[in-house]
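Q: Could you walk me through reading aromatic pairs and burial in a model like this one?

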Amino acid sequence: MTVVTTERLILRDWTDEPADLARIYDIYRRPEITRWLGVSPGLPMVEPGQAAERLQMWRDRHAADGGRYGTWAIEVRETGVVVGTALLKPLPGRDEEQLTDDIETGWHLHPDSWGHGYATEAARALIAREFATGTPEIYAVVSPGNEPSMAVCRRLGMAHVGRRTDWYGGEVLETFVLTAPGG
């Protein structure tokens, strides 16, 4: 299912088709990506079967969200190539079980797709979509040292509000926030 489209991209549900599962595995097996994802069980992936498990975890996580939140594939409209993942979801609190009212956007792109503005374009579309629901602000949380992701936050117009430990089990994260227009 397509969630949102932009000039160059389609954000859609990941599927259990072999090409999608192979791409999930190819993205999340890479230390250059997973090193920034904090303490995330099962990462980096070490065998292709883990892609189906990760997809099911995403589906379970968002099953009750009615399509508002999710972890989606970013596909280039012109080529059909999936370049990575975009997400929009409530941030988990310090206990990592209870969800907060704080909404997060994020992105994980395959290295072969870095430097094309895809993360910025995908996140901008998800942010606009979420602001349209009345959400007053949206966060991005970035592992310290992940300069490329912090640059995406700046391109999105997000304000850096320092390092915070409010979410993801108290992990120290560079925190960026964008307030809804007129908010």
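A: Rings of Phe, Tyr and Trp (its six-membered ring) pair if their centres lie within 6.5 Å; planes under 30 degrees apart are stacked, over 60 edge-to-face, and the rest tilted. By this rule there are three aromatic pairs here. One of them joins tyrosine 28 and tryptophan 58, edge-to-face, at 5.7 Å centre to centre with 70 degrees between the planes. This is a predicted model, where local features need pLDDT of at least 70 and side-chain atom pairs count only at pLDDT 80 or more, while totals for chains, interfaces and linings use all residues. Residues are numbered from 1 along each chain as its sequence is written, and side-chain values use heavy atoms, leaving out hydrogens and water.

Q: Which parts of the chain does the pair of tyrosine 28 and tryptophan 58 link?

A: Elements come from DSSP runs numbered from the N terminus: helices are H or I with at least four residues, strands are E with at least two. Tyrosine 28 sits in helix α1 (residues 18-28) and tryptophan 58 in helix α3 (residues 50-62), 30 residues apart.

Q: Are tyrosine 28 and tryptophan 58 buried or exposed?

A: Buried means under 20% relative accessible area, exposed over 50%, and partly exposed in between (1.4 Å probe, protein chains only). Both tyrosine 28 and tryptophan 58 are buried.

Q: How do tyrosine 139 and tryptophan 167 pair up?

A: Their pair is tilted, at 5.2 Å centre to centre and 55 degrees between the planes. Tyrosine 139 lies in strand β6 (residues 137-142) and tryptophan 167 in the loop between β7 (159-164) and β8 (173-179), so the pair ties together parts 28 residues apart in sequence. Tyrosine 139 counts as buried at 6% relative accessibility, and tryptophan 167 does too at 1%.

Q: How many residues of α1 are buried?

A: Eight of its eleven residues are, so to speak, under cover. Among them are Leu21, Ile24 and Tyr28. What covers the buried residues includes β2 (9-13), α2 (31-34), α3, β4 (82-92) and β5 (99-109).

Q: What does the side chain of glutamate 104 make a polar contact with?

A: A polar contact is a pair of N or O atoms within 3.5 Å; within protein, one must be able to donate a hydrogen and the other to accept it, and residues adjacent in sequence count only if both atoms are side-chain atoms. Glutamate 104, in strand β5, makes one with the side chain of tyrosine 168 (2.7 Å). Glutamate 104 is buried, at 6% relative accessible area.

Definitions and conventions: Contact = heavy atoms within 4.5 Å.
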